[in-house]
Each structure stands twice: as structure tokens, then as C-alpha cells.
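Colleague: Could you walk me through how the strands are arranged in this one? I'd like to go sheet by sheet.

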Amino acid sequence: IENSLGKVAKIDIVDILQPQRLLGSWEIRFPKGWGAPESVMFDSLKSWTKDSEPGVKYFSGTACYRKQFDVPGKMLEKGKYFYLDLGEVKNIAEVSLNGKKLGILWKKPFRVNITDAIKVGKNELEVRITNLWPNRLIGDQFLPENQRYTHTNIKKFTRDSPLMESGLLGPVRILAAQVVEVRL
């Protein structure tokens with residue numbers, strides 16, 4: 001690092017905490033009355049449009065992802081800051097960790113500070129994902145008119161229209177940072 005007077009300092013960075021990926025299954029809960037089952041389990045993160053269940057594949061609205069993960073005590077050392085990086089999101093995410101609401105994310109990077117919410121041991125993560133409505137409009141084209149979930153005069157989408165990726169796509173990671181003061 002060089003300051004404005006040309007003075008140079010060397011910084012050795014040691015003990016960098018690697019990102020912790022949240023792998024494995026996720027529970028996803030859907031609201032009643034919109035064609036999706038009450039809940040599903042995804043073995044790994046994927047677009048709702050890749051699911052074989054039509055109620056999930058064509059779902060539009062807000063669904064809640066839930067996951068538990070463990071944090072070892074040595075990870076939460078004083079002076080470190082932690083961030084949840086959701087990776088790819090289609091389209092809006094609202095994050096809660098251990099019951100604490102942490103904000104709404106609507107653009108890249110889909111990242112939020114979790115320092116004040118993360119704890120040693122079991123942690124409960126909830127991510128509410130809201131997508132756009134074209135997938136439901138497309139899915140409704142396969143249903144008789146009296147069984148459709150949406151009613152609109154917009155005729156832009158047909159049963160042959162491509163679906164829009166939806167949901168939490170990830171990868172979801174916990175990132176650590178540490179502030180180091182440098183005086184030259």
C-alpha cells in the first residue's frame with residue numbers, strides 16, 4: 001500500500017477464512033391458493049422452472065426458503081464481519097437469520113451483513129424470494145380458463161413462451177472479512 005506522500009507499507013495477510021458454502025437440501029414453502037404444494041425439498045438449489053411439479057414450475061409470487069446450518073465457535077472471532085452472499089437470485093430476496101430481518105436485496109451483489117445475527121451453533125436462515133409473473137401467465141395457458149390463477153388482458157405470453165428462471169439459484173456462501181488499520 002502506498003500513501004499520497006509515496007510512503008509504502010507491506011501487509012502480510014494470514015489466516016484468511018475461506019467462504020463457507022451452504023450445501024445440501026433446502027425447504028421451500030409456497031403460499032396457498034396459487035397451485036404450488038405447501039412445501040417442497042430441493043436437494044440443491046435450482047430454478048423453479050426446472051422442477052417437474054407444474055405448481056412449482058409455473059409459480060409466480062413469493063416463496064420462503066429455509067435452511068439450518070452450524071457455525072463452529074472458532075469461526076466467530078472478535079473483529080470479524082460476516083456476510084451472506086446469495087449468489088444468483090431471480091428476482092428479489094428478503095433475508096432473515098435467527099429471526100432477525102436483515103433486509104431486501106433486489107440487485108447484484110445479493111449480499112447482506114449478518115454479523116449481528118449469526119451465532120455459534122445452529123443457525124436458522126430464511127430467504128423469501130419473489131419472482132416475476134410471466135411463468136404463471138404461461139402456465140395458465142395449459143389450464144382451462146375457469147381453472148387459471150391469473151386473469152388479464154395481456155396476451156404477450158403463450159404456452160410456447162420461454163419460462164424465466166426463478167428462485168434462489170446460489171451458490172449461497174458465508175463470507176468473512178476483517179478490518180485492519182494501516183498507518184504509514
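**Strand pairing**

Modeller: Strands here are DSSP runs of E with at least two residues, numbered from the N terminus, as helices are from H or I runs of at least four residues, and two strands pair if DSSP finds at least two bridges between them. This is a predicted model, in which local features need pLDDT of at least 70 and side-chain atom pairs count only at pLDDT 80 or more, while totals for chains, interfaces and linings use all residues. Residues are numbered from 1 along each chain as its sequence is written, and side-chain values use heavy atoms, with hydrogens and water left out.

Colleague: Which residue is the bridge partner of Arg21 in strand 12?

Modeller: Arg21 has Arg173 as its bridge partner there.

Colleague: And how many bridges are there between strand 5 and strand 12?

Modeller: Strand 5 (residues 80–85) pairs with strand 12 over 6 bridges in the antiparallel sense, and within strand 12 it is Ala176 that stands opposite Phe82.

Colleague: What is the order of the open sheet of 4 strands?

Modeller: The order is 1-12-5-9, with antiparallel pairing. Strand 1 and strand 9 (111–113) each have a single partner strand, so they stand at the edges with one side left without a neighbour in the sheet.

Colleague: Switching topic, what about the open sheet of 6 strands?

Modeller: That sheet is ordered 3-2-4-10-7-8, again with antiparallel pairing. Its edges are strand 3 (39–42) and strand 8 (100–105), each of which has a single partner strand, so one side of each lacks a neighbour in the sheet. On average, neighbouring strands of this sheet are turned by 20° against each other, direction ignored, where axes are lines fitted to C-alpha atoms, for helices over the stretch in contact, and angles run from 0 to 180 degrees between N-to-C directions.

Colleague: Which strands pair with strand 10?

Modeller: Strand 4 (residues 62–71) pairs with strand 10 in the antiparallel sense over 10 bridges, and Phe69 has Asn123 as its bridge partner. Strand 7 (residues 92–97) pairs with strand 10 (residues 121–130) over 6 bridges, also antiparallel, with Thr130 as the partner of Ile92 and Val127 as the partner of Val95.
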